Amino acid sequence: MANHLFDALFGQHSGKGTAFLHLPDGRIITHDAFLRRAARLAHAITQTGLRPGDRVAAQIEKSADALALYAACAQAGLVFLPLNTAYTASEVRYFAEDSGAALLVCGAAAETALAPVAQAAGAGLAVLNADGTGSLAEAADAAPDTFATVARGADDLAAFLYTSGTTGRSKGAMLSHENLVSNARTLAAHWRFSADDVLIHALPIFHTHGLFVASNVSLVAGGAMIFHPRFDLDAIMAALPDASAMMGVPTFYTRLLDDPRLDRAATAHMRVFISGSAPLLAETHARFEDRTGHRILERYGMTETNMNTSNPYDGERRAGTVGFALPGVELRIADPETGADVPAGDVGQIEVRGPNVFKGYWNMPEKTAAELRDNGFFITGDLGRLDADGYLQIVGRDKDLIISGGYNIYPKEIELVLDDQPGVLESAVIGVPHRDFGETVLALVVPDKGAAPDPDALMRAVAAALARYKHPRQILTIDALPRNTMGKVQKNVLRADYAQLFEGRG
Ligand code: MLC
Ligand code: AMP
């Protein structure tokens with residue numbers, strides 16, 4: 001049966017004994033072996049009674065099996081919903097319930113905490129550990145290694161990726177088969193990926209960057225990946241001589257630059273270094289070129305749209321810009337108030353349209369209508385301008401968002417928790433510059449009259465509710481929040497006041 005995503009990414013490799021995944025323990029998984037494992041997992045999931053179109057939520061450590069679960073969902077016509085491993089049980093509960101997940105897959109360590117979550121959501125619970133054990137892995141071991149691919153068309157849903165919002169309520173971005181296939185093909189061609197490429201993959205596979213950019217591009221091109229469970233400097237340095245490409249967030253590049261081993265010889269085998277998910281400082285770009293001779297290729301995208309723009313492969317990779325609209329993607333810079341085109345070179349809201357743009361937010365028609373215009377343009381919430389040569393520069397954000405080490409953090413989520421604590425009148429959470437993560441979280445709390453809330457107790461309350469990477473680095477008590485004449489908190493004033501707080505600190 002024809003299955004748009006599965007055929008393009010996975011099915012084409014059936015029977016190929018070529019290397020696909022190089023694992024840290026030295027094992028190599030061929031394309032064919034990977035497909036057979038995916039087929040076994042497809043049996044294991046569908047044996048639990050799932051039907052095409054059902055959602056499979058997965059909060060599992062990165063491993064070959066975790067990636068094969070994605071392939072299995074594609075093959076079985078299921079909607080894959082990967083979740084950050086840092087999410088707390090209460091965060092997972094929201095995603096499982098909101099998506100109506102039919103199955104929740106987790107690691108053994110989280111099983112006890114997530115059992116009531118699965119039950120409350122009416123979902124089954126299965127265990128898939130990174131070492132190949134767990135109930136789902138065992139069911140897969142016992143299943144046949146071929147699976148009758150379920151027919152799926154270009155417009156069918158392939159994945160839900162949750163992205164937080166300014167109201168604090170996460171939204172499930174619905175991505176279709178064609179959203180993923182079109183972007184993977186475009187990127188692979190644009191960045192010249194081929195079956196000869198070996199990609200260093202050290203990103204998590206629960207977000208667009210690691211799953212849909214890095215893995216999908218490698219899969220459509222038929223190349224291999226050196227698959228690391230996480231970013232580890234020594235492991236990356238060791239992989240460089242065997243690799244041809246790397247994709248990473250800017251923190252990867254600043255950490256590499258901090259290592260004296262990074263030089264021209266260490267990167268001589270590499271064809272391309274690609275960066276995205278957060279702004280790459282022009283200074284980082286220049287230092288990297290100085291040390292290695294490589295000009296990092298920066299691109300720009302987001303969960304709802306996959307990738308929108310990229311610097312050219314052959315032409316000038318301009319530091320401080322994210323390049324041009326990708327083939328097939330339209331870009332416009334609009335006035336945030338009126339939606340009209342701004343004069344050439346002016347700053348405005350970045351809007352994009354193309355086969356990469358998602359289908360809307362799950363069960364949130366009003367939010368979808370607010371961000372996705374009737375004419376197909378998606379309002380990104382990023383502010384940018386086109387320079388004289390047409391390169392897009394991202395100059396800021398119209399949305400209240402912090403990006404720390406490539407992870408998006410919505411201040412509202414943290415403010416809601418803080419505002420709920422005894423002795424807290426109100427709070428403002430902002431992003432301030434940080435050497436390693438680009439930005440980090442600072443919380444400013446205004447106490448109730450006469451109260452003196454304990455910052456440690458506030459931190460514990462946040463920790464109970466939210467993933468570790470969202471925790472403020474510091475919570476400060478202040479007398480009042482600066483407001484404009486309309487009564488709106490002036491976060492720009494706070495950001496300026498505290499810009500130097502973590503300067504020089506790692
Ligand atoms: C880890 N921690 C973070 C963090 N990552 N805190 C804030 N921000 C982060 N990004 C926490 C850890 O839990 C730990 O807590 C402490 O900070 C220090 O950990 P570390 O060992 O230094 O972190 P490390 O494991 O090395 O991770 C850092 C990182 C990682 C940058 C390698 O965060 C990462 O892989 N980021 C990539 C995110 C990504 O893929 N984004 C793409 C989104 S898609 P403790 O308890 O020890 O103090 C997207 C669209 C697009 O944006 O365009 O691509
Ligand atoms: P997410 O919602 O996690 O997909 O994050 C998407 C956001 O990351 C975008 O809206 C941008 O704000 C930001 N982003 C992604 N790539 C870049 C980049 N190259 N430069 C600056 N910001 C980026």
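Helices here are DSSP runs of at least four residues, numbered from the N terminus. In this predicted model, one such run is helix H4, which spans residues 89-99 and contains valine 92. Valine 92 is a handy place to begin. With a relative accessible area of 1%, this residue counts as buried, because the cut-off for that class is under 20%. Leaving aside residues up to four places away in sequence, valine 92 touches Gln59, Leu83, Tyr87, Leu104, Leu114 and Val117.

Attention now turns to the ligand. Ligand 1 has 23 residues around it, of which Arg255, Ser277, Arg299, Ser404 and Arg468 come nearest. By class, this shell holds 10 nonpolar, 9 polar and 4 charged residues. Helix H8 (208-221), helix H10 (250-257) and strand E13 (297-302) each contribute at least two of the shell residues. Domain 2 (231-397) and domain 3 (401-497) both supply residues to the shell, so ligand 1 lies between these domains.

Several polar contacts can be picked out individually. The side chain of arginine 255 places a polar atom 2.7 Å from an oxygen atom of ligand 1, while an N or O atom in the side chain of arginine 230 is 3.1 Å from an oxygen atom of the ligand. Glycine 406 takes part through its backbone, with an N or O atom 2.9 Å from a nitrogen atom of ligand 1. Taken alone, ligand 1 exposes 1,000 Å², and the protein buries 73% of that area.

How values were computed:
Residues are numbered from 1 along each chain as its sequence is written. Chains are lettered from A and ligands numbered from 1 in the order in which they are written. This is a predicted model: local features need pLDDT of at least 70, side-chain atom pairs count only at pLDDT 80 or more; totals for chains, interfaces and linings use all residues. Side-chain values use heavy atoms; hydrogens and water are left out. A residue is near a molecule or strand if one of its heavy atoms lies within 4 Å of it. A polar contact is a pair of N or O atoms within 3.5 Å; within protein, one must be able to donate a hydrogen and the other to accept it, and residues adjacent in sequence count only if both atoms are side-chain atoms. Accessible areas come from the Shrake-Rupley method with a 1.4 Å probe; for residues, only the protein chains shown count as cover. Ala, Val, Leu, Ile, Met, Phe, Trp, Tyr, Cys and Pro count as nonpolar, Asp, Glu, Lys and Arg as charged, and the others, Gly among them, as polar. Domain bounds come from an automatic or database domain assignment. Buried means under 20% relative accessible area, exposed over 50%, partly exposed in between (1.4 Å probe, protein chains only). Contact means heavy atoms within 4.5 Å.
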